[in-house]
Amino acid sequence: LKFVLSQGGLASGWCFPSCASAMNIFRLCGDMLHLASIMLLLFKLHKSKSCIGVSCRMQEMYAIVFICRYLDLLYSFISLYNTVMKIIFITSTVYLVYLMRVKPPVATTYKREDDAFRYELYCIGPCLILGALTCEEFAVTEILWTFSIWLESVALLPQLVILQTTREVENLTSDFVACLGLYRALYIVNWIYRYFSEDYVNYIGWVGGLVQTGLYADFFYYYAMSKWYGQKLVLPMAT
């Protein structure tokens with residue numbers, strides 16, 4: 001189950017490069033699903049020329065997550081796979097924000113009033129505080145790394161707000177969100193596997209991952225039902 005392809009996790013590994021371990025199939029599949037979610041969203045935006053139903057603010061949160069988490073690109077080399085994937089995650093996410101915020105015709109369809117979750121008010125400050133309180137070493141890179149774990153755990157919230165508002169979700173949009181959720185689920189399997197095979201312990205990542213996965217639970221139920229019955233995903237009205 002192990003590969004020598006890469007060392008160190010991409011999406012939510014807690015250890016810095018010095019404590020990286022061999023890639024396993026669960027982590028690799030998680031990385032590929034995360035990449036697939038980004039590619040699906042890029043395909044959707046370029047094909048439809050519209051970002052209706054997609055939260056730009058969630059992509060902004062992910063851009064912050066990746067930039068803070070991958071600062072080690074400036075001073076450390078782990079492997080070609082690791083470096084290339086990190087660069088892809090950063091650049092593609094920033095590009096998604098650019099498409100929705102700036103570049104027509106996609107940007108002309110962006111409805112700021114619908115994408116109204118204020119993560120800068122509700123998430124940035126609390127996650128920074130948690131990052132400072134729970135980091136293993138009180139250093140800037142360590143705090144920002146830990147901050148990125150907590151921020152990613154709630155990065156889905158802007159998208160959930162939009163989905164709950166629109167209720168009827170396009171297939172590509174629902175597939176993109178599902179890939180994000182499945183990537184996180186596979187990372188949890190990866191942590192369990194590493195716990196038993198390597199005595200790997202990562203309490204911060206575990207808690208953040210469980211919170212993030214919990215946010216997907218309701219969505220996954222209705223997504224699975226829509227696929228089972230071959231229907232378009234329609235979320236229930238919020239009460």
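Student: Where should I start inside the fold? Which residues touch the most other members of the largest nonpolar core?

Tutor: A nonpolar core is a set of buried residues joined through their side chains. In this predicted model, the largest nonpolar core has 57 residues, and Leu-45, Met-100 and Leu-151 touch the most other members. Two or more residues of this core come from each of α1 (25-48), α2 (56-69), α3 (80-101), α5 (124-134), α6 (140-153), α8 and α9 (203-228).

Student: What does Leu-151 touch?

Tutor: Leaving aside residues up to four places away in sequence, Leu-151 touches Met-61, Ile-64, Val-65, Cys-123, Ile-124 and Cys-127.

Student: I see cysteines there. How many disulfides does the count come to?

Tutor: A disulfide calls for two cysteine sulfur atoms within 2.5 Å. By this rule the count here is zero.

Student: Is Cys-135 buried or exposed? And Cys-179, buried or exposed?

Tutor: Buried means under 20% relative accessible area. Cys-135 is buried because its value is 13%. Cys-179 is buried too, because its value is 14%.

Student: Now the outside. Which residues form a nonpolar patch on the surface?

Tutor: Ile-192, Tyr-195, Phe-196, Val-201 and Tyr-203 form one, and together they have about 580 Å² of accessible area. Helix α8 (residues 171-198) gives the largest share of the patch, three residues.

Conventions:
Residues are numbered from 1 along each chain as its sequence is written. This is a predicted model: local features need pLDDT of at least 70, side-chain atom pairs count only at pLDDT 80 or more; totals for chains, interfaces and linings use all residues. Side-chain values use heavy atoms; hydrogens and water are left out. Patches are made of residues with over 30% relative accessible area and no salt bridge: like charges are joined within 9 Å, nonpolar side chains (Val, Leu, Ile, Met, Phe, Trp, Tyr) within 5 Å. Accessible areas come from the Shrake-Rupley method with a 1.4 Å probe; for residues, only the protein chains shown count as cover. A salt bridge is a side-chain nitrogen of Lys or Arg within 4 Å of a carboxyl oxygen of Asp or Glu. Helices (H or I, at least four residues) and strands (E, at least two) are DSSP runs, numbered from the N terminus. Buried means under 20% relative accessible area, exposed over 50%, partly exposed in between (1.4 Å probe, protein chains only). A nonpolar core is a set of buried Ala, Val, Leu, Ile, Met, Phe, Trp, Tyr and Cys residues joined through side-chain atoms within 4.5 Å. Contact means heavy atoms within 4.5 Å.
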